[in-house]
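Student: I have a structure on my screen and want to learn how to read it. Where do I begin?

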Amino acid sequence: MDDAVVAALADDSSLASRVQAIVHPSTYDQIARSKQVAQAARVEHKDTGQQLFADAQQQRATLGERLWALYKQHRQTAQATEADHAALLSGFSSLRDGVGSAQVLRDMRAAGHPVSPAQLQAALHGCSTAAALFAVAEHLPAETGGPLDRLFRAQLVAALARAGQAEYAWAVALDMQAAGIPPDACVRPLVAALADTGEPSLALRAAQWGETHGATLSASVLLRVLRSLGRHSQDTGAFADTWRRLLACAGPGEQPVEEDCLAGLRLAARSGDHELARRLIGHLRARGFPLRDFYVEALVVALARAGQWGPAFEVLAEARGAGACGASQSVRSLGRLLADTGDRAVALGDQAFVALQAAPLAARDTVTLDALVSGIAAAGHPAEALTRLRTWYPTLSAPRTACSYTGVLRSCIYPSNQQVAEQLLSLMLDTDKLEPPADVHELMVRVCLGQFHYEDAFVYLDAVRALGRTPQWATLAALARRCAVARDPRAATALDEMRRLGLPVTQALQAYVEARGRSPRREPRARRRDSASRESPSSDASIDFEL
């Protein structure tokens, strides 16, 4: 049995105080545990909020087990009084354990102890599933449309919607309307639960149905719908309408926070709704938020996705004039936008460059050109990206940097294009006389490994060593895999070098190399013979070849 339960049972105090000690631990202990969880999350580079939430859920389950152990032990050792039942019912309700609440209610009925409406209300609020609600509903008074009945139905609607049973939840809501229950009591929990479960379209349909029957949505429900739209929808019109309604009815403590605006900005960038992005940025600036890079980035991407490259570069230039969007990260989404267009990337990139030539001077720099060129290369067009790397920068008098080359060079790995990669390296080292980045030769190794004849990979690997640099794990692991596929004994040499450098040789990598090394050699299928064919000394000779 848990030490806390044993200590609670050994205590001579009342059952109510022992339940209180389990359900509500000291504030000092809670703060100390939260600090430990937050510190562990930072050390492990995990999201602190998610770790705190997961720990809170685990703590609730642990406290529930302790309370159940105390409850079972008390039933075996003593006769529960009315005060004991009240304390246990309050404890299970606080932990949102509807099954425990229903069990205590059965014991109270068997013992003849009265149950107040407030206790039933707390038990209903503590139920999170439909099964627990029906278990508690056995002890409700037989009245239709009363306060407890309305609360039960509202909780049932929310529980069904959270469980993914939207059809049953809708049926319960219709039944509530037929019973004469005000629509607010059934529509609000239904809309809120559908929004929380990632069903914003169903939530809006339920809200529209409720409003036609006289229901009004509170600001808290609208805020939950707004957040669901920002995370799970592409309907910017619905988001804008919900945003307008929320601002019209929200009180001081119900206004959307910055994270809600950021969700709307991401939605506007995905769908190309630049008007919504402007509205959200205006709201943030009105509330005192400074102009940040990711605000402007969302607006620029929305304009570019809508095909308005000129206004997009004007916004970028205006933001840079205000001291924002100076780093390369501020326009990285433009490259991703072009990369996602596939075969249309070259045409869209040329269209963007034409607009960039007429854009203000603040937008016509190396950072913007790097984003456009790398986007074309990432879309699978490294040769076209190399051509524009040679012409676009001199046209705008923008100097090429090492980052201008590495963005295109990485796209030469998959699919492998050694010819373009070598031209990029020559242009960078011989023409522009740039200092090569630390990883440029390792990128060339990865490019060469994709070729049928991959001997050049060892040449560039020797260049990495000649520069006094240590090859990275990914480079040596890729070399080992490629040699293993060709049954090249240098695969084992690459693994030995990884061990010598202190790099981990994973079990998966070791097994891959060993399995490929044991694979049989491929031999051509025997030729079909006929009566007219002549035998030759070489007809039966097997041809051995390497992959």
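This is a predicted model: local features need pLDDT of at least 70, side-chain atom pairs count only at pLDDT 80 or more; totals for chains, interfaces and linings use all residues.

Student: Which residues of H13 are buried?

Tutor: Think about the turn before you look. An α-helix has 3.6 residues a turn, so residues three or four places apart point the same way. In H13, the buried residues include Val221, Leu222, Val225, Leu226 and Leu229. Ala219, Leu223, Ser228 and Gly230 are buried too.

Student: What covers the buried residues of H13?

Tutor: Other helices take part. The cover includes H11 (183–196), H12 (200–212), H14 (236–249) and H15 (258–271).

Student: How do I describe two helices that pack together?

Tutor: Two packed helices are described by the angle between their axes and the distance between the axes. Take H4 (residues 48–77) and H5 (residues 82–94): their axes come within 11 Å and cross at roughly 160°. That angle makes H4 roughly antiparallel to H5. The crossing is left-handed.

Student: Which residues of H4 and H5 meet?

Tutor: From H4, look for Leu67, Trp68, Tyr71 and His74. Their partners in H5 are Asp84, Leu88, Gly91 and Phe92.

Student: Now a single residue. Is arginine 410 buried or partly exposed?

Tutor: Buried means under 20% and exposed means over 50%. Arginine 410 has 43%, so it is partly exposed. It lies in helix H23, residues 402–410. In that helix, Ser404, Tyr405, Thr406, Val408 and Leu409 are buried.

Student: What does arginine 410 touch beyond its neighbours within four places in sequence?

Tutor: Asp439 and Leu443. A polar contact of 3.1 Å joins the side chains of arginine 410 and aspartate 439. Compare sequence with space as well: arginine 410 and valine 447 are 37 residues apart in sequence, and their C-alpha atoms are 8.4 Å apart.

Student: What should I look for in the loops?

Tutor: Check the backbone angles. Proline 415 sits in the loop between H23 and H24. A cis peptide bond joins it to tyrosine 414, with omega about -10°.

Student: Where is serine 397, and what is its phi?

Tutor: Serine 397 is in the loop between H22 and H23. Its phi is positive, near 55°, although the residue is not glycine. With a relative accessible area of 66%, serine 397 is exposed.

Definitions and conventions. Residues are numbered from 1 along each chain as its sequence is written. Side-chain values use heavy atoms; hydrogens and water are left out. Buried means under 20% relative accessible area, exposed over 50%, partly exposed in between (1.4 Å probe, protein chains only). Helices (H or I, at least four residues) and strands (E, at least two) are DSSP runs, numbered from the N terminus. Contact means heavy atoms within 4.5 Å. A polar contact is a pair of N or O atoms within 3.5 Å; within protein, one must be able to donate a hydrogen and the other to accept it, and residues adjacent in sequence count only if both atoms are side-chain atoms. Axes are lines fitted to C-alpha atoms, for helices over the stretch in contact, and angles run from 0 to 180 degrees between N-to-C directions. Angles under 35 degrees count as roughly parallel, over 145 as roughly antiparallel, 65 to 115 as roughly perpendicular and the rest as oblique. A crossing is left-handed if the near helix is turned anticlockwise from the far one by less than a right angle, and right-handed if clockwise.
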